[in-house]
Amino acid sequence: MTGNEAIAEAAIQAGCRHFFGYPITPQSELPEYMSKRLPEVGGVFLQAESEVAAINMLFGAAGAELPCVIVNIMRGGPGLGGIQPSQSDYFQATKGGGHGDYHLLVFAPHTIQEAVSLTMDAFDLADKYRNPVMVLGDGNMGQMMEPVVFKKNSGLKLPEKRWALTGAKGRPVNLIKSLYLDPQALEKHNLEINRKIQEMIANEVRVETYSVEDAEIVIVAYGTVARIAKTAIRVLRERGFKVGMIRPITVFPFPYSTFEEISGDLRKFLVVEMSLGQMVEDVKLGVCGKAPVEFYGRTGGVVPTYDEIVTETERLFKGVP
Amino acid sequence: MQVEQVKVFTRPKTLRPVVTHYCPGCGHGIVARLIAEIIDEFGIAEKTVGVAPVGCSVLLYNYLDIDMFEAAHGRAPAVATGCKRVHPELAVFTYQGDGDFASIGTAEAVHAAARGELITTIFINNAIYGMTGGQMAPTTLLGQKTSTSPQGRNSKVAGFPIRMAELLATLEGAKYIARTAVHDPKNVIQTKKSIRRAFETQLKGLGYSMVEILSQCPIGWHMTPPESTKWVQEKMMQYYPLGEFKISKEV
Amino acid sequence: MEKTAKKSLYANVIMAGFGGQGLMFIGKLLAYSGMKNGKHVTWIPSYGPEMRGGTANCTVVISDEEIGSPVITSPQALIIMNNPSLEAFESRLEPEGFLFLNSSLITQKIARNDIDIISIPANDIALEVGERRVANMVMLGAYIERTKVVPKESIYDGLKGFFGDKVKFLDVNIKAFERGISHSE
């Protein structure tokens, strides 16, 4: 299946029955798949007139402090940019895309199988925290095909949705809003959101470390770039270079503590991204000045090759400026 | 001689006993009451969800004792669409001003109607941006002075006022479209009738319904309340004719 | 007794041609067959406006081990269906790699002499078997015969899965595939 189709199927298997979307390359296969599959399971598919309308339909279906899952298949920006793969929305996804004090929980899968399992987890965690969860992929991830296995849902016990608007039969009325004209009330609201965010930071960090035990240079990458880096690391190891990788699986909350733990002979970190270095800031926060943090990136829809990563890493080993 | 006391006027149950934020002479409060009366008369308070977006309309959730959404500016029909599609058993309505429905949210308005969403829109047209302090609205009349058209609206600069009722009536999915006013008792009664027909159109599953209500905004217009009702009658109704532009025979 | 350590499989190929020549299809078919044989596989297409009329290409990786990069800089093999694709990819083929050329349409000279060139008049063969659209299957047959990445039987199974009871299409695709095999032998 393509990543787009696999994410769609994972969503359905996680219990998603309502989909509001708008086709745009490189994620159009997702609404296409949903339009075919949702009616089969008694769900609702609606093609909205715009992305703006789609997210508001979702809002209507669920309500503010939305327990919803948003899939962002990134393409090159800024603005309309292009349609080729990119990781240009890291800041937007992890630092808050709108105004206000809030964060999304953001998963960054690097294979389609992982996209499937993270999408299913995303539905659970969205409900658990009553907070939007994002699955952050890129054009490659959406278009690529890989075999996938669909595993049973987690069976996580989810809180009852007492806040939902269903008609106030037999209960006090519910109100879903984000307007708090009284600053004291808004502060209280924000502190409550922050409490959930802190809970996510404490409990939901996921990270993979790959050959870091003896590594002298640790590559930091997520998503598609991480799997390209794995190939580069194999090549580099064959040539005798001690290289490993830290791969954040959640980019928010970011696995800062993993960086603190890596020490020893470590010479350098090399952050590789399909952007001009949006994750570098988080890596530097994690490393906290204990080692140099270098960066290599391609942007505008250009995918870095493993050759480029190999060359760049070898250059760092040789100490060539 | 025995005098029998008959209660002829009372607060509808769905209207909360609170003081509204509406300015003196404003039409919003009348419409809020009419909606509450209709909800009570249909007996659907426990299966109705309202959507109020940005503008003077937003605080409707403080006045109606039903489940309510606050929506982002212009997006109420999309929010209502999502709600209705997931809960087809509910009665879902949006309560929108002219800035919301006829300017920032025109795309959502047109497409909800074109899809024939089973929702009802109550659209308050007062020819001005009330909440933000009297700026030009898409419905501001030609020559009308506002804080952003200080010389009066000029069509060469700001184009022409939009007639939403006529516009939406051209769409197949729209099944009840009317324009009414609330500046005098006769028109208030007609407005209530139209709101009833709009809800009926939804409850019978016929299609999209919308009532555009010409409403006075004395503060925004810099008039006394009596002057403002006269202005509705003499100026607004000239450009915005009242009537039912579309109605199903089942209603 | 001769000791033979079974080398683990790792194969990749880029297939390129005009949109409509069926490259995406044979790429998926190959990936699907690899999957049915218990391998790790990735299939990644070029996508975008160039898919309409211009060149379209996809990359398939089949491996015993987990696949790192699905994007390949220097492929082990190329299946090339037209001149523009030859121009785009010839220099990227790894030394001693296989270049499968559709000689019915490709008129350009090959500059390199460090590669293994297999010329197949795929469009002519397709016309001979009676369906001009199956030139892609001729090329796939040649590729499978030469590289043995997956057993040819699994391609038959895959085709059956795609065409179901449309026996006419199935037969002509198999015929084209087999002609590709014999041409490559």
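These legends describe close-up views of the contacts that chain A makes with chain C and with chain B in a predicted model.

Local features need pLDDT of at least 70, side-chain atom pairs count only at pLDDT 80 or more, and totals for chains, interfaces and linings use all residues. Side-chain values use heavy atoms, without hydrogens and water, residues are numbered from 1 along each chain as its sequence is written, and chains are lettered from A in the order in which they are written.

**View 1. Chain C against chain A.** The contact (heavy atoms within 4.5 Å) takes 19 residues from chain C and 22 residues from chain A. The two chains bury about 1,700 Å² between them. Of this area, 59% lies on carbon and sulfur atoms. Buried area here is the accessible area (1.4 Å probe) that two parts lose on being put together, summed over both.

View 2. A salt bridge is a side-chain nitrogen of Lys or Arg within 4 Å of a carboxyl oxygen of Asp or Glu. Here the side chains of Glu66(C) and Lys230(A) form it, at 3.7 Å from N to O. On the side of chain C that touches chain A, helix 1 (23-36) and strand 2 (40-45) each supply at least two residues. Strand 2 of chain C gives the most, with five residues. Helices (H or I, at least four residues) and strands (E, at least two) are DSSP runs, numbered from the N terminus.

**View 3. Chain A against chain B.** In this contact, 29 residues of chain A meet 31 residues of chain B. About 2,400 Å² is buried between the two chains, 62% of it on carbon and sulfur atoms. Within chain A, Glu49(A), Leu165(A) and Val173(A) lose the most area to chain B. Together they account for 23% of what that side buries.

View 4. Two salt bridges are counted between chain A and chain B. One of them joins the side chains of Glu49(A) and Arg115(B), at 2.8 Å from N to O. The interface also has 11 residue pairs in polar contact, both at pLDDT 80 or more. Strand 1 (18-21), strand 2 (44-47), helix 3 (51-62) and strand 6 (175-176) of chain A each supply at least two residues of the side that touches chain B. Helix 3 of chain A gives the most to that side, with seven residues.

View 5. Strand 6 of chain A pairs with strand 2 (residues 67-70) of chain B in the parallel sense, over two bridges. Strands pair if DSSP finds at least two bridges between them. Leu175(A) stands opposite Met68(B), and Ile176(A) stands opposite Phe69(B).

**View 6. Strand 2 of chain B.** Strand 1 (residues 48-52) of chain B also pairs with strand 2 of chain B, in the parallel sense over four bridges. Ala52(B) has Glu70(B) as its bridge partner. Asp67(B) and Phe69(B) point one way from strand 2, and Met68(B) and Glu70(B) the other way. All four are buried, meaning under 20% relative accessible area (1.4 Å probe, protein chains only).

Technical notes: A polar contact is a pair of N or O atoms within 3.5 Å; within protein, one must be able to donate a hydrogen and the other to accept it, and residues adjacent in sequence count only if both atoms are side-chain atoms. Buried means under 20% relative accessible area, exposed over 50%, partly exposed in between (1.4 Å probe, protein chains only).
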